[in-house]
Amino acid sequence: MRQWIAFLLFFSGLACAHSSSSPPLLGNIPGRKTTSLDGAWHVIIDPYETGLHARFYENATSETPGAGPIEYNFEASETLNVPGDWNTQKEKLFFYEGPVWYERRFSYKRHENRRVFVYFGAANYFARVYLNGKPLGEHEGGFTPFNFEVTSTLAEGENFLVVEVNNARRADAVPALNTDWWNYGGLTRDVLLVEVPEAFVRDYSVQLATGAQGEIAGWVQVDGSTRPQTVTVEIPVAGIRKTFSPDAGGRVEFHFPAKLDLWSPENPKLYDVVISCGADTVHDSIGFRTIEVKGTQIVINGKPTFLRGISMHEEAPERGGRAYSTQDAQTLFDWAKELGCNLVRLTHYPHNENEVRLADRLGLLLWSEIPVYWNIAWQNPATLANAESQLRDMIARDHNRAAVIFWSLSNETPLDPDRLIFLQKLAEDARQLDSTRLITSAMNHVTEAGPNKRILDDPLGESLDVLGLNEYLGWYGGHPEDADRRQWESKYAKPLIVSEFGGEAPYGKHGDASVPWTEEYQANLYVHQLAMIRKIPGFAGVCPWVLMDFHSPRRLLPGIQDYYNRKGLVSNTGQHKLAFNVLQKFYREMKDSASK
Ligand code: GCU
């Protein structure tokens with residue numbers, strides 16, 4: 001029976017294309033001619049999805065004789081800002097889960113020999129896209145970019161784009177029905193028109209060869225019927241200029257020596273890399289570094305590096321809601337830097353590109369994860385295909401970012417044979433898609449070996465380069481002081497990161513350290529946890545849960561949680577809790593001892 005499931009899963013993963021959008025497009029890169037469609041969009045909140053049958057996407061304004069009355073009018077409807085979730089823009093939509101129709105009119109001047117794509121940074125969760133009444137396609141997955149070519153659909157002058165976004169949760173979706181974060185719906189990231197020459201640079205990878213600090217390895221994929229003869233890769237300040245001839249499929253692969261200043265948290269050096277082919281030229285800021293595992297150590301540019309991390313949701317500081325801007329990212333990362341972090345675990349889904357590019361500039365290492373969270377439909381081939389395409393799109397968007405060192409496949413998934421087959425397939429995919437980064441997952445299943453000993457022996461560990469361990473001793477069981485006696489062991493001789501620990505305390509709630517929900521209790525828990533964790537064999541880093549309090553539909557304690565998970569070290573309005581100082585002190589000590 002299991003073999004049959006593995007066989008079915010494997011072939012269906014290949015068979016059913018999950019999203020009918022075009023292949024990944026590097027839409028948001030410097031040098032690309034883009035037109036932003038951000039701003040106010042008219043919306044129709046459509047709980048019963050009437051708009052599909054009533055063809056809202058035709059945006060009809062005059063009745064067709066005999067066709068019955070038109071019962072919608074975008075022009076007269078309310079608006080929502082894009083990018084942005086709808087839950088925090090309108091009080092009546094705070095709990096809303098379902099379809100919302102977005103409409104945006106724009107005028108466009110077409111240009112000869114140019115192709116145009118409409119690019120979405122993300123839409124949570126399921127989107128149907130129409131241009132000028134014609135269906136362009138659909139996309140599933142709330143946290144990765146997608147695009148559609150509109151060269152032939154675009155009109156000279158007035159156009160209208162209609163997008164149905166539906167954030168209804170489903171048992172076969174990724175994530176599934178249950179999450180400890182708010183299911184913010186909407187066009188949550190930028191919407192752009194991207195204009196390119198007929199033949200253009202669709203994608204590229206320019207990185208150091210695995211483990212080789214003096215060798216660049218990469219490829220460029222050209223798209224377009226009229227293939228240009230040459231592709232040029234340049235790093236002007238390093239005096240590098242290489243020319244290649246694409247193969248019949250428009251692809252060039254290259255390897256060449258290069259003497260470069262390496263990117264690291266201490267020295268986040270970025271180079272302007274220029275890739276051109278025919279009439280198309282793109283610029284990108286790329287850092288060059290190597291990332292490897294040596295025994296239980298994580299090694300960056302040949303140097304064993306202890307990871308001083310923090311876990312973080314993509315929640316906007318102060319205003320709440322889905323974060324999307326560089327300013328949101330700056331505020332969150334400033335707190336991480338203030339803590340003394342060199343790593344941020346972006347949980348539990350791919351965060352916006354503004355964060356990832358800012359981390360490249362600030363020298364913050366990143367753990368990036370797809371929302372295979374808790375329990376999902378492990379036996380469902382469509383669910384696997386969905387997870388695979390989210391993984392593919394996460395890697396496609398950020399594979400040139402030096403900051404990203406980990407691709408995480410899942411968080412706290414159950415010990416189940418079907419789950420193992422599912423995640424082993426994802427590990428295989430990730431290595432095929434990107435052999436230069438480390439594969440990890442956050443696990444929380446351990447074996448009890450006596451009252452105080454726990455062994456991390458989840459079979460998933462076999463397929464990972466780095467182990468993530470989530471443990472909540474002192475919060476979801478036991479007392480903070482129990483950590484003093486707790487011993488941990490791992491079945492695997494691999495680096496181990498404590499990817500989560502923590503406890504809740506609303507800012508300003510004070511009391512004795514033995515009283516849960518007080519800042520003193522949270523701080524005390526950190527003291528005992530950090531002392532315990534540094535004794536774990538193979539301990540390579542830690543990412544406490546969590547940087548900032550965040551909205552969650554599962555946190556209902558009145559006067560304390562009020563729909564917030566309060567495990568933040570910073571409140572949702574930016575106040576630092578006592579535990580913030582405990583972690584800051586620990587990281588200062590770790591940094592000092594590492595530099596000795
Ligand atoms: C889990 C989970 C988080 C959750 C946290 C908590 O470990 O990974 O998403 O928010 O615990 O319970 O606060």
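A: Let's start with what it takes for two strands to pair: DSSP has to find at least two bridges between them. The strands themselves (E, at least two residues) and the helices (H or I, at least four residues) are DSSP runs, numbered from the N terminus. Please keep in mind that this is a predicted model, where local features need pLDDT of at least 70 and side-chain atom pairs count only at pLDDT 80 or more, while totals for chains, interfaces and linings use all residues. Residues are numbered from 1 along each chain as its sequence is written, and side-chain values use heavy atoms, with hydrogens and water left out.

Now to the part itself. Four strands make an open sheet, and their order is S14-S13-S16-S17, with antiparallel pairing. At the edges are strand S14 (240–244) and S17, each of which pairs on one side only.

S13 and S14 pair in the antiparallel sense over five bridges, and Ile235 has Ile240 in S14 as its bridge partner. On the next step, strand S13 (residues 231–235) runs antiparallel to S16 and is joined to it by four bridges. There, Thr232 stands opposite Ser276 in S16. Then S16 and strand S17 (residues 280–286) pair over seven bridges, again in the antiparallel sense.

What holds neighbouring strands together? Strands of a sheet pair through backbone hydrogen bonds, either parallel or antiparallel.

How covered is strand S16 (residues 271–277)? Six of its seven residues are buried, where buried means under 20% relative accessible area, exposed means over 50%, and partly exposed lies in between (1.4 Å probe, protein chains only).

Strand S29 (residues 487–490) shows another pattern: Trp488 and Ser490 make up its covered face, and Gln487 and Glu489 its uncovered one. In a regular strand the side chains alternate between the two faces of the sheet. S29 runs parallel to strand S27 (residues 453–456), with four bridges between them, and Glu489 in S29 is the bridge partner of Ile455.

Here is the other open sheet promised above. It has four strands in the order S1-S10-S5-S8, with antiparallel pairing. Strand S1 (33–36) and strand S8 (146–149) stand at its edges, each with a single partner strand, so one side of each has no neighbour in the sheet. Strand S5 (residues 114–120) pairs with S8 over four bridges in the antiparallel sense, and Tyr119 stands opposite Asn147 in S8.

Let's finish with some helices. Helix H3 (residues 326–339) packs against helix H8 (residues 578–595) at an angle of about 60°, and their axes are 8 Å apart. H3 and H8 are therefore oblique to each other; angles under 35 degrees count as roughly parallel, over 145 as roughly antiparallel, 65 to 115 as roughly perpendicular, and the rest as oblique. From H3, Trp335, Glu338 and Leu339 meet Phe580, Leu583, Gln584 and Tyr587 in H8, contact meaning heavy atoms within 4.5 Å. Sorted by class, this contact has five nonpolar, one polar and one charged residues. Ala, Val, Leu, Ile, Met, Phe, Trp, Tyr, Cys and Pro count as nonpolar, Asp, Glu, Lys and Arg as charged, and the others, Gly among them, as polar. Gln584 counts as buried at 19% relative accessibility.

Another glutamine, Gln522, sits in helix H7 (residues 519–533). At 0% relative accessibility, Gln522 counts as buried. Leaving out residues up to four places away in sequence, Gln522 touches several residues, including Gly503, Arg566 and Lys577. A polar atom of the Gln522 side chain lies 3.0 Å from the backbone oxygen of Gly503.

Technical notes:
Axes fitted to C-alpha atoms, helices over the stretch in contact; angles between N-to-C directions. Polar contact = N/O pair within 3.5 Å; in protein donor to acceptor, adjacent residues only side chain to side chain.
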